[in-house]
Number of protein chains: 2
Amino acid sequence: MRVIRLTLAYDGTGFRGWARQRDPDVRTVEGSLVGVLSRIARHDVRVSVAGRTDAGVHARGQVASFLTSSRLAPSRLQAATNAALAPEIVVVDARDAREGFDARFAATERGYRYGIDTAPVADPFTARYVWHRPAEMSIDRMRAAARHLVGEHDFTSFCRHPGPGKPTVRDVRRISVARAGSIISIRFDANAFLHQMVRALTGTLVAVGEGKVDPGSIPSILAAADRSAARGVAPPPGLPLERVVYGRRERR
Amino acid sequence: MRVIRLTLAYDGTGFRGWARQRDPDVRTVEGSLVGVLSRIARHDVRVSVAGRTDAGVHARGQVASFLTSSRLAPSRLQAATNAALAPEIVVVDARDAREGFDARFAATERGYRYGIDTAPVADPFTARYVWHRPAEMSIDRMRAAARHLVGEHDFTSFCRHPGPGKPTVRDVRRISVARAGSIISIRFDANAFLHQMVRALTGTLVAVGEGKVDPGSIPSILAAADRSAARGVAPPPGLPLERVVYGRRERR
């Protein structure tokens with residue numbers, strides 16, 4: 001058996017997230033991908049993935065892996081998958097991975113970028129990929145708040161369904177806030193993220209940027225370990241999973 | 001009665017073009033816009049438009065005008081229209097125009113830009129807005145061909161339905177070809193365009209860029225005044241109407 005590693009990009013608009021659901025009529029990225037891979041490999045394929053993206057969330061550098069007995073060259077596998085799924089889901093890269101490689105468990109860092117368009121009027125050409133929020137936002141305030149979020153913290157306040165007994169501590173390694181024209185981009189890098197954590201962090205950073213929450217109140221929001229302490233959840237379209245890191249990486 | 005002038009941007013993917021059709025179930029940009037404007041103005045509205053874009057073609061700087069007895073401020077009209085139609089169709093600007101202004105007949109120049117992505121693999125985030133054509137293309141050859149197209153010519157060879165007796169001479173004022181990363185952009189400025197003319201010109205320029213047609217053969221393709229002389233029609237997604245010019249303008 002070989003392990004194949006895929007790098008994927010997808011427009012999440014038309015999918016109910018990554019994870020395959022029991023109802024086969026629910027379109028998911030995993031369901032679409034596994035269906036095509038199984039047909040190409042001529043056996044049932046199960047994939048492991050670095051980031052289980054939510055409904056409507058996009059990816060540019062998602063990584064998935066699977067075991068196969070097929071002898072097809074990775075480039076042929078990539079071409080056949082793209083012929084069936086592109087451009088909605090695209091295999092950007094396909095290669096043989098080392099024995100035992102698992103895209104989910106081997107990942108040491110995930111990077112998301114959230115885009116907010118603050119222009120007065122929405123842009124039809126970016127509307128699927130940003131959150132249109134025509135408001136004044138202070139980048140400086142958002143950066144000040146972000147500094148309190150970086151580091152190892154219990155992020156229960158920024159998680160939708162922590163699940164009883166599941167670990168809720170994550171190591172946020174970097175948050176950067178940048179503005180280009182009317183677009184504000186927030187980059188988040190962490191060892192891993194909890195459910196809806198990036199969108200919840202973005203919701204609070206936006207509230208800070210708009211002056212509704214004080215940057216200095218972040219430590220108490222974290223300490224509350226209660227979701228009602230945070231300020232709303234940003235909608236999915238603005239969020240692509242940008243990249244996954246494997247192997248060692250310097251901390252900041 | 002007042003004349004209102006609207007600047008519009010729209011994602012043409014979900015529309016069968018600008019022009020309203022008899023069948024009310026066919027989604028068109030004009031049909032959607034007129035329905036909302038009539039409701040806001042409280043009377044039947046008829047619009048005049050600078051560029052009757054085809055099915056699937058986008059616009060960033062489309063201009064439309066209409067007569068109304070409504071006394072609503074243009075900014076209110078813009079907000080109400082956007083509340084109903086954005087982000088698929090967006091009113092970028094709304095203002096009172098001079099008496100007798102007509103967006104179609106007053107326009108002196110239209111500018112389109114066609115985008116081609118030559119990367120080996122499609123990008124899910126631009127797929128709706130470019131033509132994915134993974135091929136080697138020579139910008140220099142395309143520019144050489146473009147020089148033969150600039151000027152006043154009979155463009156029958158690049159028109160889908162000239163219509164008997166309809167004028168087929170157009171004044172192409174500029175064509176520029178540029179590359180940024182894997183994207184090749186072709187800008188076309190002319191007094192006006194025939195039906196499918198930009199996509200037909202693009203199809204031939206791409207054939208030239210790929211080495212299938214000689215740049216020096218453009219004059220004979222024009223002289224043939226026969227559509228079969230040209231080389232294919234590029235698909236709609238790559239094409240947005242960028243801008244419309246009113247009033248005098250320097251030639252090149």
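**Helix packing and symmetry in a predicted model**

Me: What do the axes of helix 3 (residues 139-149) and helix 4 of chain B do?

Reply: They come within 8 Å and cross at roughly 140 degrees. Axes here are lines fitted to C-alpha atoms, over the stretch in contact, with angles from 0 to 180 degrees between N-to-C directions. This is a predicted model, where local features need pLDDT of at least 70 and side-chain atom pairs count only at pLDDT 80 or more. Residues are numbered from 1 along each chain, and chains are lettered from A.

Me: Why is helix 3 of chain B called oblique to helix 4 of chain B?

Reply: Under 35 degrees counts as roughly parallel, over 145 as roughly antiparallel, 65 to 115 as roughly perpendicular, and the rest as oblique. The crossing is at roughly 140 degrees, so helix 3 of chain B is oblique to helix 4 of chain B.

Me: How do you know whether Arg199(B) is buried or exposed?

Reply: Buried means under 20% relative accessible area, exposed over 50%, and partly exposed in between (1.4 Å probe, protein chains only). Arg199(B) has 10%, so Arg199(B) is buried. Arg199(B) sits in helix 4 (residues 197-209) of chain B, and its contacts include Asp54(B) and Tyr114(B).

Me: What makes the relation of chain A to chain B a two-fold axis?

Reply: A rotation of 180 degrees with 0.0 Å of shift along its axis superposes chain A on chain B, and that is therefore the relation of a two-fold axis.

Key:
Heavy atoms only, no water. Helix = DSSP H or I, 4+ residues; strand = E, 2+ residues; numbered from the N terminus. Contact = heavy atoms within 4.5 Å. Least-squares fit on C-alpha atoms with pLDDT ≥ 70 in both. Lists of a residue's contacts leave out its neighbours within four places in sequence.
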